[in-house]
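Hello,

Here is the structure I promised to pass on. My notes on what turned up follow below it, so please have both open side by side.

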Amino acid sequence: MREQHERFDHELQIGKSFSGKERHCAFLNLGDRSFANVSSVSGLDFIEDGRGLALSDWDLDGDVDFLLTNRNAPMFRYLQNDIESGNHFVSFKLTGKLCNRDAIGARIRVKPSNGDWLTRTVTAGSGFLSQSSKRITFGLGSSDAIEAVEIAWPDGSRNSLKDVAVDQHYLITQSESEPEVAPFARPQPVRLQPGAIPRVESGQVTTYVVPPLRMPITEIKTDDGRSAPVKWAEGDDTKSYTLINLWASWCEPCKVELKEFAEQYDSLQALGVRVIALTTDGLPGQETSLSDAQKVANKLKFPFTWGTAKADWIDKMALLRGAYYDVQQPYPIPTSFLVDSQGQLRMVYQGQVTIDQLRQDIERLTLPAEELRDWITPFAKTWVSGPRSSNDLRLKNLFAKHGYEADAIYFDSFAGPEKARLQYANAVKSITANDFQTASLTLRKAIELDPTYAPAHLNLADIISKAAQQSRGPTVMQAYAQAEQHYRSAIQHGSNEFDAHFGLGFVLARLGRVNDAIAAFDKASERAPDKWESRLAVAKLLGSQGKFADAIQRLQDAVANQPENETLVSELAGLLVHSGQYESSRQLCQSYLQKLPQAAEIQARLGDSYLFGGQPGSALAQYNQLQPTPLLNLKKVWILSNSAEPSNQEKDFLTRFLRQTMPRLQPNDPLSAQVVAAALAQSGDFAAAARLQMSILRLFPAGSSAAQSAQRRLQMYQQGKPSRQLGARDNPFTQSLLQATR
């Protein structure tokens, strides 16, 4: 089956017709159960490979117009019905309310004053690749009145319409009782000017090859008998072009063209164009020989290289044409191919080309790909994707299939980008399956094949960064440095979007390069102003440096843009507390809770404003209203451990806390450890509190404020005294103000 399909596809590519060049047929219903063939007289007997046919009263003049599509040119025809018959019509556009909106399946019956009932059905899809208008038009002949109209809707309901006039368009909207009937005013039509299809002589077709296609191996046998591959550039020359001209001694337009090339070769060279003229004289099927070509070359005094085109090269160019146009046929004579210094085909001239046209086209070829694509597309458009690139892997497979192994190897040497995209697609599948190890290996292969492929760099950087977050040890910083390089490569090669800059900012922050991280996060915010994560990250970094005024300003700007964002408001409230602005934090939280009273993060921040503001009782009351979390429990225990003698109920709470927490206590968790030590001291176990507090001291830098507070509490425990908070900020929860609350 596959071989049959490929053979069928090949037949179409070489120009054979799908329908065997049969003309279209049109039949006239004579009304007596017979039809007349009116194909020719109607003008509908086109010889094109027809596909879709849609009927519509396009110009709303009461008769039905035709819209046709074809496989070959012209791919679209609009046939406007302008027959003056003097007959009448009526049309209906149905809108369903109790059934489907388009009223698909509805049946309309019309009884003209002097005729039988006419019936039509609203359908979706009216033929192969076609959808006729859902506006139903009835031809009424000579009847100048309508006796009755009946509508059977798809949901089973029925309606009868009264006072329906001829030569009118109606909008009918279904309802539970009587349908809504409204006339549809015909807009002022735009008159289309009919015209014949422009016929272009075979010698006058110019094509911009976008995207460029890499030329197959091109060899030339020169007039002195030597044969060698064509080099598309000499040395570092990257702006030159080669014009391969296909000609024959019997071709008069060829001689005219070559004469201009010969006489004005200095102008061509000034354009950076060299000419290589390849004759078909002497090839199989030609009645002329190489000696005939030699006479022409001598007469015109060719100043440029010329020689014989090889039969296999003619075949390879037909394959290339098939890859681009889906029409695999040899080029006519004369044809010229403009090839750039990278060996990419940029222009094809079927017929004579002048030096002035070459000059104009070479200037246009310097345009960016997006502008060139817009220029060569002769209508208004909006593109859904960027310009494509040539697919060397596809060409490699094509030439290998037809036995041109050397060309296949040649194309394969340039196919790294296409192979990289295949590897990337496999990596995405692995990522979807959470197989990050395989994804990492596959992405590295993609980058080896195409070091400029930005998506591979970006995804690999993400994988490395996430793995580093879950690791410990000396290699973590190396992993972040590696992720940084891939993020930078992604940005350098075109992934200049939010994710790349945000990921870069994250790893730079982990590497301790705070200023560079802030710059990267700011870039991310520029790319996606509505994404708040980058603004929050900058505020946290500024806060970690003690730059609270700048951090608060950043978050205030972010909250102004997204005032209902709970995370942003919570972080801003935390920064206000951290900077000692307890009342401002409290007002911010209370204002937010008036609109969204169930916001748990904001409720917890409100408690923090009391805790740090020297009102531990109010803080405890606020925390007790919330669903318990590990962090909230620690804060509650801290308040109880630093207060006066707790009640029996509070002592029970401390006892349960110690019993649950002690077995799971991590020695490198100073926050939990300090709270546990304070609870032990409040419970009277000062020796255990002192031992735990002594181990905590090793976790803080010597001389830091945290170390000084920890040392003071150690002395209190050693003296048999419970912990007592001295001042609003004398607690271990300061760092938690720069983190999520829950």
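Which residue in strand 5 stands opposite leucine 68? That place is taken by arginine 77. Before going further, please note that this is a predicted model, in which local features need pLDDT of at least 70 and side-chain atom pairs count only at pLDDT 80 or more, while totals for chains, interfaces and linings use all residues. Residues are numbered from 1 along each chain as its sequence is written, and side-chain values use heavy atoms, with hydrogens and water left out.

**Sheets**

Strand 4 (residues 65-70) and strand 5 run antiparallel and are joined by four bridges. (Strands are DSSP runs of E, at least two residues, and helices are runs of H or I, at least four, numbered from the N terminus; two strands pair if DSSP finds at least two bridges between them.) Both belong to an open sheet of three strands in the order 3-4-5, with antiparallel pairing. Its edge strands, each pairing on one side only, are strand 3 (50-56) and strand 5 (76-79).

Another open sheet has eight strands in the order 14-21-20-17-18-19-15-16, and its pairing is mixed. Here strand 14 (204-214) and strand 16 (227-229) are the edges. Within this sheet, strand 18 (residues 273-279) pairs with strand 19 (residues 305-308) in the parallel sense over four bridges, and isoleucine 276 stands opposite threonine 305.

**Nonpolar cores**

A nonpolar core is a set of buried Ala, Val, Leu, Ile, Met, Phe, Trp, Tyr and Cys residues joined through side-chain atoms within 4.5 Å, where buried means under 20% relative accessible area with a 1.4 Å probe, protein chains only. The largest has 96 residues, and Phe657 and Phe733 have the most contacts inside it. Helix 25 (residues 670-682) supplies the largest share of this core, nine residues. Leaving aside residues up to four places away in sequence, phenylalanine 657 touches Leu634, Val637, Val675, Val676 and Ala679 (contact means heavy atoms within 4.5 Å). Apart from this core lies another of 31 residues, including Cys254 and Tyr265.

**Largest pocket**

The largest pocket has a volume of about 1,700 Å³. (On a 1 Å grid over the protein atoms alone, a pocket is an open set of points where a 1.4 Å probe fits, with protein on both sides within 12 Å along at least five of seven lines; lining residues have an atom within 4 Å of a point. The volume is the space filled by probe spheres set on the points.) Its lining comprises 44 residues, with Gly62, Asp63, Val64, Phe66 and Asn81 nearest the centre. Strand 9 gives the most, five residues.

Best wishes

Definitions and conventions. Buried means under 20% relative accessible area, exposed over 50%, partly exposed in between (1.4 Å probe, protein chains only).
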